[in-house]
Amino acid sequence: MVFVLRLRTSQGTVRLLFRDERKSTMGDLMLQIMDLTGVKPAEQKLLLTDPVSRKTSDIGGKDLKLTLANVPLKKGDMLQLIETGSTRAKIASKRQSDKQKAEQSAAQEEKNKKQFHMTFKAFKKISGLPVIPDYLSYLSASSKKRSVSSYAPNVHWKLQRYRHLDVISFADPQVPQVFYRNSTPELKQNLSRIGILFGRYVEDINPLAEQNLTDDLNREKKWDFDANGVRADVFAVYEPPQEAVRNGARFITDPREVVVKGMAEAMGLEPVGLMICKKKAKPDANGFQTYLTGKELLQVAKLQNFFSDENGFSRFGCILLEHSELIEPVGLAASDICTGLERADLLDVVRGQPFRLRTRVPEGADPSMMPQFYIPKENDESGGKNQAKEKISTGDSFPIDFLTVKVIASVPKGNFKLFKHCEFPVNGSMQDLKNYMKRHSNEGFSSKFSDFNLLINLPDFFGEKETETCVTIAKCIGNKEEFPTEVCNKLDQWFIKNQLF
């Protein structure tokens, strides 16, 4: 099996290929970099970037005889070549004729039209406000005196051109790392674990939006990728009670739901997404997605319907952490047509085919009034990109790619953390609290209590009489303010009473 590394330079990113990481050495790596970039081994300064924490480490000074496996380097790792004024990469490219360049440019433009999502704001400027069909009203209408427009709209295999949420950004890389560690028991049993992302929605500012505004309104640009989008800044993950089952976990009754919601609101946070951690599935033979199972997609669609506005639109998203050699967060969301179908209870899982769904007739509905579904043909190996359509009957299974929308998952540059700590257990005890306070005995109150799980546990520790104190503490942490004097006095007394000093 080929061992692949990635090298980032000022001229772009290239792949480095080796037969075996246990036999190939740092010398082989540097020679291949010299062949691709022209930079001599003695002048190469290489940085290795951790895919989760985004921390970099210098590997340029390693022994040339050291094998890549002992560096250690893993398949898919990203290396960066640091360049100076005298040391510049010169990546050779194949010479192309003007005709080839024009054909390639046209193909890339057509590919962009089919694959990329516009911001919702941009789509509204070009096409107006979309409408999610209310399938329940169509199916429950009287069959007498029906007009053509009273039948449920058909469902075609078509990628949604816009998305309500463009970016999910983790202000603290430790947040997904801790959730991944907590998912270890489920991963060992080939099951999944889920959690609720708490954060804030902000406008994702694009500096080109204003200067292109006039062109966009005049429709001089075919597609508008420059309008400001929506970003969800994630600060914490809450892991409610859940049951791990095949092809997806499910929530069970949470006795602390009201408390968690109230404390999060005091911090200025709200649920912005679902996080799923599971083992990576094998790729589909025909190229269809194997990220979300049908059960997980319905779960995301149900949550989006719960957290939707008056038009049925939702900015709620999903982050998938797949356990594999290279862990990269995948951002997804259910499309508007998917949320509309789920709201009408028209979709169901397929036994034995986890990455497909089937249509179902809701109770009391007339089967003849069901919308028609058109999907790619069975022999289509493009993953649905060819737009081949085939009518299916109610109850037949189909791939779910067109019901998903891709969302960018990122980590910002700089320190934007809201909480200083991410270590207190979800269901902490008084002993956990004593151990936690002992570890942070040299910190002030505003620093000690800066932990999401600790804050949602405070009402249990303090009791109902001190609910107002808990809310005040949560507000101070959310606004990054110092605690009022009266709150500090109460905490002093409570710490002495419970021997927490």
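Trainee: What share of the contacts in the protein with a separation of 6 or more comes from residues 24 or more positions apart?
Mentor: A contact here means heavy atoms within 4.5 Å. Counting contacts with a separation of 6 or more, the share from residues 24 or more positions apart is 73%. Bear in mind that this is a predicted model, where local features need pLDDT of at least 70 and side-chain atom pairs pLDDT 80 or more, while totals for chains, interfaces and linings use all residues. Residues are numbered from 1 along each chain, and side-chain values use heavy atoms, without hydrogens or water. So, the share you wanted: 73%.

Trainee: How many helices and strands does the protein have?
Mentor: Helices (H or I, at least four residues) and strands (E, at least two) are DSSP runs, numbered from the N terminus. On that basis the protein has 15 helices and 22 strands.

Trainee: Which residues touch the most other members of the largest nonpolar core?
Mentor: A nonpolar core joins buried (under 20% relative accessible area, 1.4 Å probe) Ala, Val, Leu, Ile, Met, Phe, Trp, Tyr and Cys residues through side-chain atoms within 4.5 Å. Across the protein's 501 residues, 46% count as buried. The largest core has 96 residues, and those touching the most other members are Phe419, Phe449 and Ile473.

Trainee: Which residues does isoleucine 473 touch?
Mentor: Leave out residues up to four places away in sequence. Then the partners of isoleucine 473 are Phe449, Leu455, Leu458, Phe462, Phe483, Val487 and Leu491.

Trainee: How many residues are in the second, separate core?
Mentor: Look for Leu48, Leu68, Leu79 and Leu81, which are included in this core. Its residue count is 19.

Trainee: Which element gives the most to the lining of the second largest pocket?
Mentor: On a 1 Å grid, a pocket is an open set of points where a 1.4 Å probe fits, with protein on both sides within 12 Å along at least five of seven lines; lining residues have an atom within 4 Å of a point. This one holds about 1000 Å³ and has 33 lining residues, with Ile196, Phe251, Leu303, Phe306 and Phe307 nearest its centre. Elements giving two or more residues include strand E10 (193-204), helix H8 (257-266) and helix H9 (294-306). With six residues, the top contributor is H9.

Trainee: How many residues of that pocket's lining are charged?
Mentor: Asp, Glu, Lys and Arg count as charged. The lining has 20 nonpolar and two polar residues, and its charged residues number 11.

Technical notes: Buried means under 20% relative accessible area, exposed over 50%, partly exposed in between (1.4 Å probe, protein chains only). Grid points are joined across faces, edges and corners, and a volume is the space filled by probe spheres set on the points.
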